[in-house]
Structure formats: C-alpha cells, structure tokens
Amino acid sequence: GLGAREDDGRAGVGQDRDRVGAVEAGGGSGSANGGGHLTVHNVFGLQTLELQVFGFNANIKSDGSADGWYTYREVDDGVPFVASGPVTCLTVIGNDAWIGGTITDSSDPNVVGSGSWWHVTDNGEGSSAPADITTFLGIGTAAQTQDFCSQHPPYKHPFPIDGGNIQ
C-alpha cells in the first residue's frame, strides 16, 4: 500500500508502507506516468482509506537523473491529506516502477521538505487487462527515498486501482 507516517499513524505516509524510488536499472532510459484512485476498508488502522487523486509523471534524463512531478490526495476516515512535489528518483524494471520525490507542498506542514516514495505496476492496457497496481505514499527522509529507488523492494501492501491508468 501507499505509506503511513509512523509518528501519527496517518495512512498513506511513513515507514510501514511500501516505498517508491527512482533510478534506472540496466543503465537505460525509463519513464512512468499515470494516475489512479481507489478506496479500501479496514486497513492500516483506518475504517476507510480513499486515494482520491494520484497523478505522476517521471522520466530518467540522459544524464541519469530523474525528472517529473506528482500530486497525491487521500482521505483517511474523513481527514484529507494532500502532498505534491518534484520527482527525484526512478527505477524501472519490466512493468514495475519505484518512484521517489520531495514534498514541496502539503496540507500537513510537518511533512514539507520530506522525501516520498511509491511503487506501481502497469498490468497492460484495455478492458481485459488486470487492474494496474499502486502503493500509498510513503514519507520519510531523502535518504530513505533514494534507498527505496535504489533497492526497489518488493511490494508490502499493493492495491489494484479502481480507476485510472499507469504506464
């Protein structure tokens, strides 16, 4: 799933959730973009966790650095959380991407300046394809964000999106 912050237990932010980062495996170019929304119940100590908006574009530039932007909005048992910022790292392996960024704007001023990460899987296009997969946003340090991208860990809490598309 997308991260949860350990200090206040807010779903969608923190070390107990899946992480996403950015670096290209194999030295090639890579990109990930898209968005999705989903609603889950009885997870991470919440009755209802709604990922309302999650849009991102991430690219690996010719010099190997990552570029892009993300916008994220979730509602945790009725309490909204919003974060956005530039993409700072990206790892693409097959149809999976680990993406990381820096939070430059948020409804929670305590997380501005923090690192963030998420993991997505593109399961194909068209109505017969299985749903694409995402995590909730993880939030921590810049070093944790880069580690997420560099180490590209397996999913801890993957969720199929209810709508949207990841490519």
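Phe136 and Phe159 are both buried, where buried means under 20% relative accessible area, exposed over 50% and partly exposed in between, computed with a 1.4 Å probe on protein chains only. They belong to a predicted model, in which local features need pLDDT of at least 70, side-chain atom pairs count only at pLDDT 80 or more, and totals for chains, interfaces and linings use all residues. Residues are numbered from 1 along each chain as its sequence is written, and side-chain values use heavy atoms, with hydrogens and water left out.

A pair of aromatic rings is described by the distance of the centres and the angle of the planes. Rings of Phe, Tyr and Trp (its six-membered ring) pair here if their centres lie within 6.5 Å; planes under 30 degrees apart count as stacked, over 60 as edge-to-face and the rest as tilted. The structure contains 10 aromatic pairs. In one of them, the ring centres of Phe136 and Phe159 are 5.1 Å apart and the planes stand at 75°, so this pair is edge-to-face. Because Phe136 lies in the loop between β8 (133-134) and β9 (138-140) while Phe159 is in strand β10 (residues 159-160), the pair ties together parts 23 residues apart in sequence. Helices (H or I, at least four residues) and strands (E, at least two) are DSSP runs, numbered from the N terminus. Elsewhere, ring pairs join Phe54, Phe56, Tyr70, Tyr72, Phe81 and Trp118 into a cluster.

The next feature is covalent. A disulfide is a covalent bond between the sulfur atoms of two cysteines; the criterion applied is a pair of cysteine sulfur atoms within 2.5 Å. The partners are Cys89 and Cys149, with their sulfur atoms 1.9 Å apart. The torsion about the S-S bond of Cys89 and Cys149 is about 60°, so the disulfide is right-handed. Cys89 in strand β4 and Cys149 in helix α1 (residues 142-151) are 60 residues apart, and their pairing links distant parts of the chain. Both Cys89 and Cys149 are buried.

Most residues other than glycine have a negative phi. Asn42, however, has a positive phi, near 55°. Asn42 is placed in strand β1 (residues 31-43) and counts as exposed, at 66% relative accessibility. Asp77, also not a glycine, has a positive phi of about 50°. Asp77 sits in the loop between β3 (66-76) and β4 (79-93), and its relative accessible area of 38% makes Asp77 partly exposed.
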